[in-house]
Amino acid sequence: MAKQNDPQKRQCGACKLCCKTLAVVPLGKPTGEWCPLVCATGCSVYDERISNCRDFQCLWLLGYFRDEDRPDMTDVVMYEEHLTDEPNLVAVSEAYPGAAGRNPRVKEMIRDVLESGTSVVVRNRISVAKA
């Protein structure tokens with residue numbers, strides 16, 4: 001899995017899908033529900049947001065995939081989970097159950113990750129499936 005773009009050029013912009021798909025334990029925010037701090041323009045406490053949110057970077061922000069593969073355009077947030085010192089798992093968090101399977105481009109992105117030798121797990125609020 002190779003980076004396709006310069007991550008310095010990418011910003012979240014209008015995307016705030018991680019604010020829905022990921023749990024934020026310190027805020028008591030469960031997976032699959034919008035963060036109560038999200039507003040129309042993004043995070044209402046952006047400058048003071050907690051480290052969990054400040055430090056998070058999805059693979060798209062890190063320069064992987066095409067520009068048009070931004071999470072809010074694909075309905076999935078893909079990110080590395082570090083179970084050891086080496087990245088060995090890519091999680092795919094769906095905006096809604098089945099989002100990853102309905103989008104041919106997401107299937108292609110998952111296939112690219114798998115072909116790089118990295119494991120993939122698809123998550124939604126209801127279940128987890130390993131690819």
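These legends walk through several close-up views of one predicted protein model.

**About the model.** Residues are numbered from 1 along each chain as its sequence is written, and side-chain values use heavy atoms, with hydrogens and water left out. Because this is a predicted model, local features need pLDDT of at least 70 and side-chain atom pairs count only at pLDDT 80 or more, while totals for chains, interfaces and linings use all residues.

View 1. Helices here are DSSP runs of H or I with at least four residues, strands are runs of E with at least two, and both are numbered from the N terminus. Where pLDDT is low, the predicted coordinates should not be read in detail.

**View 2. The largest nonpolar core.** A nonpolar core is a set of buried Ala, Val, Leu, Ile, Met, Phe, Trp, Tyr and Cys residues joined through side-chain atoms within 4.5 Å. Buried means under 20% relative accessible area, exposed over 50%, and partly exposed in between (1.4 Å probe, protein chains only). This core has 15 residues, and F65, V76, M78, V92, A100, I110 and V120 have the most contacts inside it. At least two residues each come from β3 (76-81), β4 (89-94), α4 (99-102), α5 (104-115) and β5 (119-123). Helix α5 gives the largest share, 4 residues. Apart from this core lies another, of 12 residues, including L22, W60, L61 and A91.

**View 3. Two aromatic pairs.** Rings of Phe, Tyr and Trp (its six-membered ring) pair if their centres lie within 6.5 Å; planes under 30 degrees apart count as stacked, over 60 as edge-to-face and the rest as tilted. The rings of F56 and Y79 sit with centres 5.5 Å apart and planes at 70°, so this pair is edge-to-face. It links distant parts of the chain, 23 residues apart: F56 is in the loop between α2 (51-55) and α3, and Y79 is in strand β3. F56 is partly exposed, at 23% relative accessible area, whereas Y79 counts as buried at 10%. The other pair, Y64 and F65, is tilted, with 6.4 Å from centre to centre and 55° between the planes. Y64 is buried at 12% relative accessibility, and F65 is buried at 4%.

**View 4. The largest cavity.** On a 1 Å grid over the protein atoms alone, a cavity is a set of points where a 1.4 Å probe fits but cannot get out, and a pocket is an open set with protein on both sides within 12 Å along at least five of seven lines; lining residues have an atom within 4 Å of a point. Grid points are joined across faces, edges and corners, and a volume is the space filled by probe spheres set on the points. The whole structure has 1 cavity of 30 Å³ or more. The largest cavity holds about 50 Å³ of space, and its lining includes W60, F65, V76, M78 and M109. Strand β3 gives the largest share of that lining, 3 residues.

**View 5. The largest pocket.** About 1,100 Å³ of space lies here. Of the 48 lining residues, C12, C18, C19, C53 and F56 lie nearest the centre. Helix α2 gives the most to the lining, with 5 residues.
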